[in-house]
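Take a look at the protein below.

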Amino acid sequence: MSAARARALQAALRPITTAAAAPVAKGQSGEAIFPSSDRRLEVRELDRGNCRCFHGGESTRKKGNLRKFQGVAAVRPEYTQADQAATAPWPTVRRSVLETLLKNYARYPIVVQPLILHGPRGVGKRTVVEELMKEWNKPPHVVAFVNLSSRERCPWFESDIPEDNQNVSKSREGDQKPEIEGFLHIGTIRYMVEEGLEYLASKAVEKGYLKGDDVLAVLLKYYAVDGALSQFLRTHGKKPASVETTIRSGNTRDMWKEGIEQVRNQFFSEFVTGAVSNDPGSTETQIQQSDQSGLHMLKKPRSQVLVREEAILSLALAQQLLKIHENWRISSKQQLKSKGVVSKVPADAATSYSILLLRLISGSVREGSFQPKLIINNLDLMRKAAPENPEDGLHGALYHDSLLMQITKLGFSEGCIPIISVSSDSYYSRKLFEDHGNDYAFISQEILGWTPKEAAVHLVPTIFEEPEWKVINTVLGSNVRHLRELHSIWHHPSFLELLEENSGNAIEDCIDLYLGYLQVTAIDPAMEAASKLLETFAQDVAAGKISRSRLKHGVPWRHPPRTREYQRRWARLQLLDYIQALADTDFAVNHQEEKAQEFLDDPSTDALLQVGLIYKQREPPYLRPITRGVARCLVRWYVKERLKLTMAEDMMYKWHRLIRGRYYRQLIVI
């Protein structure tokens with residue numbers, strides 16, 4: 001490729017990756033803005049005179065297989081035929097076997113185990129669930145979809161999710177929703193889960209299957225609420241004398257009724273209005289319910305309205321009581337922490353309201369009339385969430401484990417509504433069962449995407465021609481997201497015009513362009529995140545937080561430096577050594593071999609697993625990059641970083657490879 005041609009491709013890298021063409025708008029600083037229906041591909045074209053996107057890697061260029069484009073420049077100003085081609089929807093191929101498995105699981109109103117659907121990114125997990133949701137959104141089914149990433153399309157890797165989330169979720173008093181800007185605080189994650197369950201509970205109240213007496217009965221059975229009720233009444237009661245009389249009577253139901261009145265007067269005055277009709281002779285009343293509660297009741301019989309209003313108020317009061325319990329447990333946690341005792345009490349308190357809602361929803365299920373389901377997308381973000389308040393000791397992994405344990409306990413003891421969790425983390429392939437100590441606690445379904453033959457059946461020749469598909473499969477593999485993003489570039493008018501001006505091999509130019517885009521927007525940020533994780537590992541070793549069994553004699557990571565500047569260099573050197581060793585195994589390692597323990601203890605393996613660049617699958621037991629295209633980009637990253645090394649750093653790297661280097665060829669998959 002000539003220098004002028006390479007510069008033309010680099011200059012066109014960002015704008016042609018949009019999914020649809022549109023008239024160019026001007027933003028600040030004169031950049032061209034190209035809107036897109038896919039948020040991951042919505043980018044801005046800036047001045048990139050010194051930008052270099054193609055670093056290393058092997059060439060994919062071959063002779064022949066030219067694709068002819070005629071008349072592209074003639075229709076460029078209007079984007080008529082080319083625009084229609086670019087905006088043509090990507091064909092959604094139904095996966096009958098997987099859909100049948102999910103349907104069979106969700107057709108039961110009450111189940112024993114939650115289901116976890118996991119696999120590498122870009123294999124179509126969320127697409128399968130979204131197709132089924134079209135059927136489950138019809139009565140008697142009710143679905144609450146909780147997307148923890150809050151994005152229309154998931155990012156390629158965890159490094160794409162902002163880590164500088166300073167938005168602490170607000171207090172739930174008054175049901176005010178926090179503005180979600182980041183997705184790593186446990187307060188935000190917790191709010192989204194509770195919001196989805198509250199939606200299902202409001203639907204149960206609307207149908208009349210959940211009443212205030214049910215809420216009180218569950219609280220009396222599983223929670224001791226007398227003390228919390230007393231504190232709530234003393235805090236919010238407007239008539240202290242009447243409140244003290246009620247408390248001294250010791251009757252829980254009397255205190256509950258008084259608490260309902262306090263909630264009605266103070267918390268729900270802005271949500272529930274018109275509880276009594278203005279017309280004394282009317283048998284109907286009108287309730288105006290806030291959108292935040294998800295319940296709308298208009299012109300219902302007065303008796304039904306009062307019952308449903310009482311149910312909503314009971315849920316609000318139960319939430320306040322459990323919040324008081326949580327504050328008590330946090331105080332006890334701090335006392336235990338001062339004595340050196342580790343406790344999971346804050347996690348149990350934080351999940352108590354969610355489990356209460358699950359109990360109530362599961363108890364209100366009616367087969368053929370009301371069959372709710374809960375779907376949680378990106379469950380791994382919950383496990384990696386940062387603590388909202390470090391003093392509470394509630395971090396994402398603790399909340400995640402407590403919630404799953406409570407759900408499984410509820411399922412085995414009483415039964416639970418179907419819960420489908422979707423994740424791209426290989427932790428749910430095998431490690432989850434080891435941590436919980438029960439192989440039957442969850443239904444684990446792993447999806448690895450299309451094989452090359454399956455992809456060819458669906459895409460050749462309707463989407464790609466046979467010679468084009470051979471090149472695509474060799475370079476990128478059969479990952480669905482790769483193919484979809486490549487298709488958006490392939491049919492974009494900007495790319496067609498570029499090919500008209502610079503004659504060449506169309507499919508190879510398109511792949512080169514896409515690999516450069518993937519390298520800059522996904523791989524490089526993910527490797528930076530992995531480098532930071534290795535720096536954290538070096539700091540933990542210096543602080544004595546890493547066990548000696550993991551720092552055995554002879555391992556490449558045994559002696560990390562203690563200063564920050566050298567730790568950064570050490571982390572980069574470790575990643576270079578690791579990618580070199582992984583490339584020597586052809587990017588596939590059998591992690592169940594007896595000699596694989598050192599490989600699994602490698603902090604570089606943990607770092608790349610956490611950022612999502614590699615995936616440890618269950619069957620067959622391979623650990624590999626998630627796609628062939630990602631493996632190629634890892635080689636590009638390696639070549640780019642080697643070129644950046646100074647002479648002293650290069651000598652240090654060569655010495656490390658010779659004396660302490662990683663060699664994992666004994667684990668190669670044959």
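A helix axis here is a line fitted to C-alpha atoms over the stretch in contact, and angles run from 0 to 180 degrees between N-to-C directions. Keep that in mind for the helix pairs. Note also that this is a predicted model.

**Helices H7 and H10**

Helix H7 covers residues 212-222, and helix H10 covers residues 252-266. Their axes come within 12 Å and cross at roughly 130°. That angle makes H7 oblique to H10. The crossing is right-handed. On the H7 side, Val215, Leu216, Leu219 and Leu220 make the contact. On the H10 side, Thr252, Arg253 and Trp256 take part.

**Helices around H20**

Helix H20 spans residues 506-542. Helix H17, residues 466-475, packs against H20 at an angle of about 25°. Angles under 35 degrees count as roughly parallel, so H17 is roughly parallel to H20. H17 passes H20 in a right-handed crossing. Here Glu468, Val471, Ile472 and Val475 of H17 meet Ile507, Glu508, Ile511 and Leu515 of H20.

H20 also packs with helix H21, residues 564-584. Their angle is about 120°, so the two helices are oblique to each other. This crossing is right-handed too. The contact residues of H20 include Met527, Ala530, Leu534 and Phe537. Those of H21 include Arg568, Trp570, Ala571 and Leu575.

| Helix pair | Angle | Axis distance |
|---|---|---|
| H7 and H10 | roughly 130° | within 12 Å |
| H17 and H20 | about 25° | 10 Å |
| H20 and H21 | about 120° | 9 Å |

**The whole protein**

How many helices and strands does the protein have? There are 25 helices and 13 strands. Of the 670 residues, 53% count as buried. The protein exposes about 31400 Å², and carbon and sulfur atoms supply 50% of that area. Now consider contacts between residues at least 6 apart in sequence. Of these, 74% join residues at least 24 apart.

**Cysteines**

A disulfide is a covalent bond between the sulfur atoms of two cysteines. How many disulfides does the structure hold? The count is 0. Are Cys416 and Cys510 buried or exposed? A residue is buried when its relative accessible area is under 20%. Cys416 has 3%, so Cys416 is buried. Cys510 has 0% relative accessibility, so Cys510 counts as buried as well.

Note on methods: Residues numbered from 1 in each chain as written. Predicted model: local features only at pLDDT ≥ 70, side-chain atom pairs only at ≥ 80, totals over all residues. Heavy atoms only, no water. Disulfide = S-S within 2.5 Å. Buried < 20%, exposed > 50% of the residue type's maximum accessible area, 1.4 Å probe, protein only. Helix = DSSP H or I, 4+ residues; strand = E, 2+ residues; numbered from the N terminus. Contact = heavy atoms within 4.5 Å. Areas by Shrake-Rupley, 256 points an atom, 1.4 Å probe, with all protein chains shown as cover. Parallel < 35°, antiparallel > 145°, perpendicular 65-115°, else oblique. Left-handed = near helix turned anticlockwise from the far one by under 90°.
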